[in-house]
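Dear colleague,

I am handing over a structure that is new to you, and below it I set out what was found in it. Please read the notes with the model open beside them.

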Amino acid sequence: MTRSQWGSRLGFILAAAGSAIGLGAIWKFPYVAATNGGGAFLFVYLGICLTLGLALMLSEMALGRAANAGAVGAFRKLAGGFWPIIGYMGVLVCFLILSFYSVVGGWTIAYIGKSLDGSILTSDAKALGAIFGGFISHPSLPLLYHGVFALLTLAVVAGGVQKGIEALSKFLMPALFALMLLLIARGLTLPGALDGLAYFVAPDFSKLSGAMLMDALGLAFFSLSLGLGIMITYGSYVGRDSNLVGSALWVIVLTVATCFLAGLMVLPAVFAFGFDPSAGPGLTFITMPAVFAHLPLGQLFAVMFFCLLLLAALTSSVSLLEVVTSFAIDELGLSRRTAACGMAAATFLLGIPASLSLGVWGDFQLFGMNFFDLLDFVTSKLLMPLGELLLALFVGWKAWPAVRDELAAVCPPRAMTALRGFCMALAPALIGWILVGGF
């Protein structure tokens, strides 16, 4: 079977960046940064992205292109033995994340409707909190929107690599950045916004802790789509003439820039309107409508924002479904359409208890967490860092000849030596240290 390929290097970069950016940057980054004290967390997060993140993303892309296979097939082809278990872990994490990610994607669809009817255009913090809380705790409405989002994701993935994933990503990125810059400009002019800006960019290193480092590591891997098999799968669609080092750098830069812009977009407004900066997953859905209420043509901007947030969510959910779909195609011999439909249905079913755990099943908890939070914890703070630790060891000790051959034309010898040393020892030691410290 001939493997699909990207139509252009730009298409690959935008698709990979779209996977990384999504809700991880715009929805998750602001509330995790706020919960961990703002500025100090930002510096730690940036440091992890530009060191561990860059080295591991480059390694994943190189593995995918070297093997010309997806998350599991790459480890089997390059080493065999027990190593494919890393790929199976990545597929599992994609499956688990997509189940609750699709629930949040459904929230964005619902908020497009709420923007159209004007019901969220108020700066009353209590009213906005009550609207959001009432919606996510409803026993059936979030499930309906969860299903619609799952169908949209399925439609893109069933369309294939170039006509589905690449075409969507090329449209999304410029529009998303333009609107974010406009909202930042307005938000920074609100009374009290500069307090939020200082909270976000001025580091208070007294807030450093093992738990913060663990949150930063988990968010870095989540926002960069590492430890999921996504960059391995996307790398397998890259032609031999593409510069992987340049591509990885662009993806990192675009992702980090979007996270920073998301923080500038949300946190100054949080302080301006007196919201709780540690409000959790609903922070963006509660804060941004208050900004729109103070904008000329605020309703139009609200509709545009949540439409773009939906598209950003789709680029990430598409990449998650693509990994499990690619797995079913490569390992089970299914057609793309059959594989995509089966996996989309399975993740939708797992998303049902995740959604209900925010409402009618809220009293049912495991390890002190509801099912939604448990899925988030297990994936972003356990399985993803553990998967990257194993992947670094795999690259440094087992598959280095294949990775070296992929990068030799664009990496000077010293950089290659540094990358191997980083994967052999430093990256596993850092990840292990942060995981132990976090617990």
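In which hand of crossing does helix 2 pass helix 11? Helix 2 passes helix 11 in a right-handed crossing, where right-handed stands for the near helix being turned clockwise from the far one by less than a right angle, and left-handed for anticlockwise.

Before the details, please note that this is a predicted model, in which local features need pLDDT of at least 70 and side-chain atom pairs count only at pLDDT 80 or more, while totals for chains, interfaces and linings use all residues. Residues are numbered from 1 along each chain as its sequence is written, and side-chain values use heavy atoms, with hydrogens and water left out.

The axes of helix 2 (residues 39-67) and helix 11 (residues 244-272) come within 9 Å and cross at roughly 145°; helices are DSSP runs of H or I with at least four residues, numbered from the N terminus, and axes are lines fitted to C-alpha atoms over the stretch in contact, with angles from 0 to 180 degrees between N-to-C directions.

The contact includes Phe95 and Phe100 of helix 4 and Met343 and Leu350 of helix 14, and its residues divide into nine nonpolar, four polar and no charged.

The whole structure holds six salt bridges, each a side-chain nitrogen of Lys or Arg within 4 Å of a carboxyl oxygen of Asp or Glu. In one of them Asp376 pairs with Lys28, with the closest N and O atoms 2.8 Å apart; Asp376 lies in helix 15 and Lys28 in helix 1, so the pair ties together parts that are 348 residues apart in sequence.

With kind regards

Technical notes
Contact means heavy atoms within 4.5 Å. Helices (H or I, at least four residues) and strands (E, at least two) are DSSP runs, numbered from the N terminus. Ala, Val, Leu, Ile, Met, Phe, Trp, Tyr, Cys and Pro count as nonpolar, Asp, Glu, Lys and Arg as charged, and the others, Gly among them, as polar.
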